[in-house]
Amino acid sequence: MEALEKIPFDFRYEFTCETDGCRGHSLKCTDWEMGESWRRWQPVYGEQGWEAAFRQKYEHEMMNRFDTHFYVGTLHQFPNAWIIVGLFYPPKSTLSLFPD
């Protein structure tokens, strides 16, 4: 069995929530698809180019094209530290249950 390559980066999402006085959150994302994107794109785009493709998908598309949600959890060793363990991103809907 071949050992899985360690990704030399911690990918994070920074966001604010709807809580009054929120100063923002920064959560590490361990989503499998994100790691595989880096593994595929780094050899194709090189050391300098993979980041632009990565940001296009996981920043711009996730926020503009999709209704992105995070699956979050904690680790046994750090029960108070939340991480993103997965992404759920259905297309943004143009339908409304309560039309104006």
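**Salt bridges, core and surface of a predicted model**

A search of the whole structure finds six salt bridges. A salt bridge here is a side-chain nitrogen of Lys or Arg within 4 Å of a carboxyl oxygen of Asp or Glu. Side chains of opposite charge can pair when their charged atoms come close.

This is a predicted model, in which local features need pLDDT of at least 70, side-chain atom pairs count only at pLDDT 80 or more, and totals for chains, interfaces and linings use all residues. Residues are numbered from 1 along each chain as its sequence is written, and side-chain values use heavy atoms, with hydrogens and water left out.

Confidence comes next. pLDDT is the predictor's confidence in each residue, from 0 to 100. The chain averages 90, and 94% of the residues score at least 70. Among the elements of the chain, β2 has the highest mean pLDDT, 95. The lowest mean, 92, belongs to α1. Elements are DSSP runs numbered from the N terminus: helices are H or I with at least four residues, strands are E with at least two. Where pLDDT is low, the predicted coordinates should not be read in detail.

Back to the charged pairs. D10 bridges to K28, with the closest N and O atoms 3.3 Å apart. D10 lies in the segment before β1 and K28 in strand β2, so the pair ties together parts that are 18 residues apart in sequence. K28 is partly exposed, at 29% relative accessibility. The cut-offs are these: buried is under 20% relative accessible area, exposed is over 50%, and partly exposed lies in between (1.4 Å probe, protein chains only).

R39 and E36 meet at 2.9 Å, N to O. They sit three residues apart, about one turn of the helix. Both are buried. R55 and E51 also pair, with their closest N and O atoms 2.9 Å apart. These two are four residues apart in α1, again about one turn. Both count as partly exposed, R55 at 38% and E51 at 36%. Salt bridges that share partners join E51, R55 and E59 into one network.

Now the interior. A nonpolar core is a set of buried Ala, Val, Leu, Ile, Met, Phe, Trp, Tyr and Cys residues joined through side-chain atoms within 4.5 Å. The largest one has 16 residues, and F11, Y13, M34, F54, Y58 and L87 touch the most other members. Two or more residues each come from β1 (11–15), β2 (25–29), α1 (32–64) and β4 (78–88). α1 gives the most, with eight.

Which residues does M34 touch? Contact means heavy atoms within 4.5 Å. Leaving aside neighbours within four places in sequence, M34 meets F11, Y13, C29, F54, Y58 and L87. M34 lies in α1 and is buried, at 2% relative accessible area. With the same exclusion of residues up to four places away, F11 touches L27, K28, C29, M34, W38, W50 and F54.

Q42 is another α1 residue. Its relative accessible area is 17%, so Q42 is buried. Beyond four places in sequence, Q42 touches E47 and W50.

Last, the surface. Y71, V85 and F88 make a nonpolar patch of about 290 Å². Patches take residues with over 30% relative accessible area and no salt bridge; like charges are joined within 9 Å, nonpolar side chains (Val, Leu, Ile, Met, Phe, Trp, Tyr) within 5 Å. Areas come from the Shrake-Rupley method with a 1.4 Å probe; for residues, only the protein chains shown count as cover. V85 lies in strand β4 and is partly exposed, at 41%.
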